[in-house]
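I opened the model to note its fold, its cores and its backbone exceptions. The entries follow in the order I looked things up.

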Amino acid sequence: MLIRPLITLFTFITTASAVHAQVNSPLTVVADEGGQPARPYYVAIGAAQVDEEDGFVVATPDTVLDRPATEADMLPVVSERLSIGPVVPRALDLPPGTTPFFLIGTDPDSVRWLKQRRERLVELRAVGMVVNVATAEDLAALRERAPGLELRPIPGDDLAERLSLTHYPVLITPTRLEQ
């Protein structure tokens, strides 16, 4: 009878000790793939031992909008590492459950590619990343040609580097990259 409460108490103490040790230990870098440092994000986590001055710089009046931000505020989107061109199909090993997505621009080749593959993209529930788009009007015109698909203006340079891509349009699934 006394053994079960003792086991429960022991489990609680060892778990609490492990959590306490993790909270008080410095952050460990698991992988460094370049890009922007994550350190500023840890300021909000008091136990992460990151000083306030290592956090983000406070916005100044000239960088703050006097209205809610809109999608048009993100435009133009220009992806320097990506251009229109052929993509050689290849196998990928992305985490299972990764939502299929595709990279396109507002150029005629991307529009043609989108028209030819729209049904399959809808079937896959793929999300479109518009990696080169100049204006809100261009984005709206592209969306009109893609009913049933979600299209978001997103710079593609980081993704291009990580997937060794130089061209679009391209479809990316957890197991394959293809044009």
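How many helices and strands does the secondary structure of the protein chain come to? I counted four helices and eight strands, taking helices (H or I, at least four residues) and strands (E, at least two) as DSSP runs numbered from the N terminus. From the N terminus on, I read the elements as α-β-β-β-α-β-α-β-α-β-β-β.

**Confidence and conventions.** This is a predicted model, in which I used local features at pLDDT of at least 70 and side-chain atom pairs at pLDDT 80 or more, while totals for chains, interfaces and linings use all residues. Residues are numbered from 1 along each chain as its sequence is written, and side-chain values use heavy atoms, with hydrogens and water left out. For pLDDT, the predictor's confidence in each residue from 0 to 100, I noted a chain average of 81, with 64% of the residues at 70 or above. Over residues 17-21 pLDDT stays under 50, and the model has zero contacts there beyond four places in sequence; contact means heavy atoms within 4.5 Å.

**Whole chain.** Of the 179 residues, 28% are buried; I used under 20% relative accessible area for buried, over 50% for exposed and partly exposed in between (1.4 Å probe, protein chains only). Among contacts between residues at least 6 apart in sequence, 76% join residues at least 24 apart.

**Sheet.** I traced an open sheet of six strands with mixed pairing, in the order S2-S8-S7-S3-S4-S5; two strands pair if DSSP finds at least two bridges between them. S2 (90-91) and S5 (150-153) are at the edges with a single partner strand each, so one side of each has no neighbour in the sheet. S3 (residues 101-105) and S4 (residues 127-132) run parallel and are joined by five bridges. In this pair, phenylalanine 102 is opposite glycine 128.

**Helices on the sheet.** H2 (residues 108-124) packs on the sheet and touches S3, S7 (170-172) and S8 (176-178), with its direction at about 160 degrees to that of S3. H3 (residues 136-144) lies across S3, S4 and S5, at about 160 degrees to S5. For these angles, axes are lines fitted to C-alpha atoms, for helices over the stretch in contact, and angles run from 0 to 180 degrees between N-to-C directions.

**Cores.** I took a nonpolar core as a set of buried Ala, Val, Leu, Ile, Met, Phe, Trp, Tyr and Cys residues joined through side-chain atoms within 4.5 Å. The largest has 17 residues, and those with the most contacts inside it include Phe102, Leu114 and Val130. S3, H2 and H3 each give two or more residues to this core, and H2 gives the most, with four. Apart from this core lies another, of 14 residues, among them Leu82, Leu163, Leu165 and Ile172.

**Backbone exceptions.** Most residues other than glycine have a negative phi, and most peptide bonds are trans. I found a cis bond joining leucine 75 and proline 76, with omega about 0 degrees; proline 76 is in the loop between H1 (3-24) and S1 (83-84). The bond from tyrosine 168 to proline 169 is also cis, and proline 169 lies in the loop between S6 (167-168) and S7. Arginine 125 has a positive phi, near 60 degrees, in the loop between H2 and S4. Arginine 125 is exposed, at 71% relative accessible area.
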